[in-house]
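Please open the model in a viewer and keep the selection tool at hand.

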Amino acid sequence: MADYTDIPWPAGYAQFHPRRWLSGGHLQTIFGNLLPRQNSLPQPVAQLVEVSPAHGTQISTQLLCECHWQPLPERPTRPTVILLHGLEGSSSSQYVIGNAMKLWRSGCNVVRMNMRNCGGTEQLTPTLYHSGLSQDVEGVMRYFLETQSLQSIALIGYSMGGNLVLKCVGDMGANAPRQLRAVVGVSPVVDMAESADALHEPMNRLYERRFLRAMLKRFRRKSMLFPRAFDPQRGAHITSLREYDERITALYAGYKNADDYYFRAAAARVLDKIALPTLLIHASDDPFIRFTAATRAAIAANPQITWLETEHGGHCAFLATPNPAADDDGYWAETTARKFILRRCAVS
């Protein structure tokens, strides 16, 4: 694993200090998922966004977005942040809620986006979801830019969602909408093959089994909803994420095999094309996210990318000691992402 000091810490960003007794990557990862979060957000407005039209006998694909809008007439002038969850997460994932509360209190509009099939929406698309569907992020962004006349927008993605938002802006390059001001990836899976293989290491099998149980359960539901499209037997006896992607994702998403999927869907290929302010947050002790030397070189060579690699923090956790006097709940990555975005999307 690369030394976390290989890219210097940039000026102007607070260092991360793990919460007492939670300095290990596994402890951070586990407690980051288990600690309860209070949801103080207002009731969301549910919006279905069509990202792929119906054709032939196939239904369209719609994504469920849970929106928290600031009041009119100020709404279009307020920064809007689209939040995207990770593998087998949803718009209700605790880190999505945590980010949303901080941004909402700061005067932002917040859109909690569900990937295809997630958040109980399996019936809204005839397809599976996967890491190559960055066009869904662009579709949702452009939909809200048009329908709400928004003046500034930003993207935050965690884990798999981090790969999707980074691939989205990398694919757009210099052609991104002028309203898109900032992008944040937290624990992003940009080197997909290396991270999938790390997930299969003995120390990480607990995480892998948890993901696989949820993914295979969802695949069985999809097979019942769309029996002519999916063969439930393809999910039999799968014991690794790579095997799932070889037997299911690659077949149904149009890739040759798992390696082809990991290469073509990885944001690592387009990091050099990112042309707007982007923040990447990664912990050196993340149990299963890996960054190759080539990816690190691409990050260091792109002046638009700010790289924050901490010694501790685990996967999507970054639990620091709370400081109620400073209105700091101890979720360092959320606070850092909020500050990054507000610097680039000033509230009017």
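The lining of the second largest pocket comprises 10 nonpolar, 10 polar and 10 charged residues. In this division Ala, Val, Leu, Ile, Met, Phe, Trp, Tyr, Cys and Pro count as nonpolar, Asp, Glu, Lys and Arg as charged, and the others, Gly among them, as polar. The volume of this second largest pocket is about 640 Å³. Select Lys102, Asp327, Asp328, Asp329 and Thr335, which are the closest to its centre of the 30 residues that line the pocket. Two elements, H2 and helix H10 (332-344), each give two or more residues to this lining, and H10 supplies the largest share, six residues.

The model is predicted: local features need pLDDT of at least 70, side-chain atom pairs count only at pLDDT 80 or more, and totals for chains, interfaces and linings use all residues. Residues are numbered from 1 along each chain as its sequence is written, and side-chain values use heavy atoms, with hydrogens and water left out. Helices (H or I, at least four residues) and strands (E, at least two) are DSSP runs, numbered from the N terminus. A pocket is found on a 1 Å grid over the protein atoms alone, as an open set of points with protein on both sides within 12 Å along at least five of seven lines; a cavity is a set of points where a 1.4 Å probe fits but cannot get out, and lining residues have an atom within 4 Å of a point. Grid points are joined across faces, edges and corners, and a volume is the space filled by probe spheres set on the points.

**Helix H10**

Next, select H10. Its buried residues (under 20% relative accessible area, 1.4 Å probe, protein chains only) are Trp332, Ala333, Glu334, Thr335, Thr336, Ala337, Phe340 and Ile341. Their cover, by contact (heavy atoms within 4.5 Å), includes H2 and the strands S3 (80-84), S5 (153-158), S6 (180-186), S7 (278-283) and S8 (305-310).

**Helix H2**

Move to H2, where 10 of the 12 residues are buried. Among them are Gln94, Tyr95, Asn99, Met101 and Lys102. The buried residues of H2 pack against H1, S3, strand S4 (109-113), S5 and H10. Just after H2, select Gly107, which takes a positive phi of about 95°.

**The largest pocket**

About 860 Å³ of space lies in the largest pocket. Select Gly86, Leu87, Glu88, Ser159 and Phe211, which lie nearest its centre among 41 lining residues. Helix H6 (205-225) is one of the elements that give two or more residues to this lining; H6 gives the most, with nine residues. By class, the lining divides into 24 nonpolar, 12 polar and five charged residues.

**Enclosed spaces**

Which residues line the largest cavity? Select Met113, Met115, Arg116, Tyr129, His130, Leu133, Asp136 and Leu164 to display them. The volume of this cavity is about 50 Å³, and the structure holds three cavities of 30 Å³ or more.

**The nonpolar core**

Finally, select Phe144 and Leu180, which touch the most other members of the largest nonpolar core, a set of 70 residues. Such a core consists of buried Ala, Val, Leu, Ile, Met, Phe, Trp, Tyr and Cys residues joined through side-chain atoms within 4.5 Å. Helix H4 (residues 160-172) contributes the largest share of this core, seven residues. A second, separate core of 32 residues includes Met101, Ala154, Cys316 and Ala320.

Technical notes: Buried < 20%, exposed > 50% of the residue type's maximum accessible area, 1.4 Å probe, protein only.
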